[in-house]
Structure formats: C-alpha cells, structure tokens
Amino acid sequence: MVDIAFDNETIESIKGMVGKTFEAYSCDPFIFTPNVFGIVGFCIDGKCYKMTSDLEPVQRFFSADDVAVMRISACDRSEIVSKMDDGQMIDNPVEDTIRAIDIVNDRETVTHDEEQKTLYSTKGVIFHLASGNEISFELGTWFSEMITIRRGYDLINSFTPIEDFLEDWEDSDGYNPECVREVKTIA
C-alpha cells in the first residue's frame, strides 16, 4: 500500500488547533470557481499554518504518476505566498472557534490479474466551528494542485463522490476498482 495521507506529526499539529480561534484563511481570489492553486494559509490563535497541494511522483496503482499530495504545517507568515504568477493572497475572515476537524481520507484499491494495489490519501479537511458553520478544503482530483474551498453546512456531502474514482476505471477491462472513504474526527 502507498500511503500519502497525513502523517502522525501533521495529525498532532491539527489536534492543537481544536478549541482555538480560526481567525482567517488566506488564498488567491476565486476565478469562476471556489478553487485556488497550491496553497492556503491559516491564522489560528495567532499562529500561521500553510496547507499545500503539490504534485509528487507516487506509485499510483500499476504506474508511477505525479499525484497531488496535501500537506499542512506550521509556518512563518512570510511563507504564505501565492504560487500564481502575479498572484495576490487575500485574507478571508472567520473569527470563530474550532470545535472539531474532520480529516477525509480515501482508500482506493485496484485489482488486476489477481494483483492488488492500494493508495491511501488525504482528500481534505473540514473545520467545524462553534457557530455551526463549516469550512472545507479539498483536493478534488489526484492530478491537480487545485484546492477547493467551501463554506456552509454538511460539507462532507460536497466532496467529490467516491463513485467518480470507480467511473475512472469503467473502460479499463480487467481492472476492478474499490474505494472506501474514511472520516477521522478530531475533537
């Protein structure tokens, strides 16, 4: 199994966010869709974090591909910069207490000629706020550095459905896909 989900250090860092004030997030302005390229900054109780989506070479099932990998790490405010040419990060105020954080992971498996390959990856996170609102950050496709940002309620239902993964393999005779979504709640 290839595992590109959040590691224990990242999960411990996320645990430290619960109960704190989510002051704002910074990203490039939306253009037509709520997607931003490669980086979102968080300001939580005066500390800065960056969420990145970078393409990395990964053994994805039966071939090596460049796959979008989500990471979250503490950082200096100066590290939260646009990856776009002439990009300009804008602050989006939140000013609400984080009650819980969901980490959304998919376990994707493909079987071919009795050989099974599995990719376990983090697809996104959902911040549950004291007001009842949620903010989610999702990697919608495995080959794109775009991060989809949503605000609202029941945002897990807005994530790219696992059926999309299954449909990607429909025309691949002899390949049997399976996908299970796991949501780990940190409260």
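This is a guided tour of the structure above, stop by stop, with something to select at each one.

**Before you start**

The model is predicted: local features need pLDDT of at least 70, side-chain atom pairs count only at pLDDT 80 or more, and totals for chains, interfaces and linings use all residues. Residue numbers start from 1 along each chain as its sequence is written, and side-chain values use heavy atoms, with hydrogens and water left out. Helices (H or I, at least four residues) and strands (E, at least two) are DSSP runs, numbered from the N terminus.

**Stop 1: strand S4**

Select residues 39-44, which make up strand S4. Are these residues buried or exposed? Here 6 of the 6 are buried, so the strand is largely enclosed by the rest of the structure. (Buried means under 20% relative accessible area, exposed over 50%, and partly exposed in between, using a 1.4 Å probe and protein chains only.) In a regular strand the side chains alternate between the two faces of the sheet. Colour Ile39, Gly41 and Cys43 for one side of S4, then Val40, Phe42 and Ile44 for the other: both faces are covered.

**Stop 2: the neighbours of S4**

Two strands pair if DSSP finds at least two bridges between them; S2 and S4 run antiparallel and are joined by 4 bridges. Look for Ala24, which stands opposite Cys43 in S4.

Next, show S5 (47-60). S4 and S5 are antiparallel too, with 6 bridges, and Phe42 has Tyr49 in S5 as its bridge partner. Follow the chain from S4 into S5 and you pass through a hairpin with 2 residues between the strands, where Asp45 in the turn has a positive phi of about 50°.

**Stop 3: strand S7 and its partners**

Select residues 90-112 for strand S7. Which strands does S7 pair with? Another is S8 (115-129), which is antiparallel to S7 with 14 bridges. To find this pairing, pick Ile103 and its partner Val125 in S8. S7 and S8 form a hairpin with 2 residues between them, and Asp113 in that turn has a positive phi of about 50°. S11 (175-186) also pairs with S7, in the antiparallel sense over 12 bridges, and Arg181 in S11 is the bridge partner of Asp106.

**Stop 4: the largest pocket**

Centre your view on Glu108, Gly140, Thr141, Thr160 and Phe165: of the 18 residues lining the largest pocket, these lie nearest its centre. The elements giving two or more residues to this lining are S7, helix H2 (163-168) and S11, and H2 gives the most, with 3 residues. The pocket holds about 230 Å³ of space, and its lining has 7 nonpolar, 3 polar and 8 charged residues.

A pocket, on a 1 Å grid over the protein atoms alone, is an open set of points with protein on both sides within 12 Å along at least five of seven lines; a cavity is a set of points where a 1.4 Å probe fits but cannot get out; lining residues have an atom within 4 Å of a point. Ala, Val, Leu, Ile, Met, Phe, Trp, Tyr, Cys and Pro count as nonpolar, Asp, Glu, Lys and Arg as charged, and the others, Gly among them, as polar.

**Stop 5: Phe165**

Stay here and pick Phe165, in helix H2. This residue is buried, with a relative accessible area of 5%. Its contacts (heavy atoms within 4.5 Å) include Arg60, Phe61, Glu108 and Pro177. The C-alpha atoms of Phe165 and Glu108 are separated by 8.0 Å, although the two residues are 57 apart along the chain.

**Stop 6: the largest cavity**

Move to Ala68, Ser121, Thr122, Lys123 and Leu139, which are closest to the centre of the largest cavity among its 13 lining residues. Strands S6 (63-75) and S8 each give two or more residues to the lining. This cavity has a volume of about 90 Å³, and its lining divides into 8 nonpolar, 3 polar and 2 charged residues.

**Last stop: an aromatic cluster**

Finally, select Phe22, Tyr25, Phe42, Phe127 and Phe137, which form one aromatic cluster. Rings of Phe, Tyr and Trp (its six-membered ring) pair if their centres lie within 6.5 Å.

Technical notes
Points joined across faces, edges and corners; volume = space filled by probe spheres on them. Phe/Tyr/Trp six-rings, centres within 6.5 Å; stacked < 30°, edge-to-face > 60°. Lists of a residue's contacts leave out its neighbours within four places in sequence.
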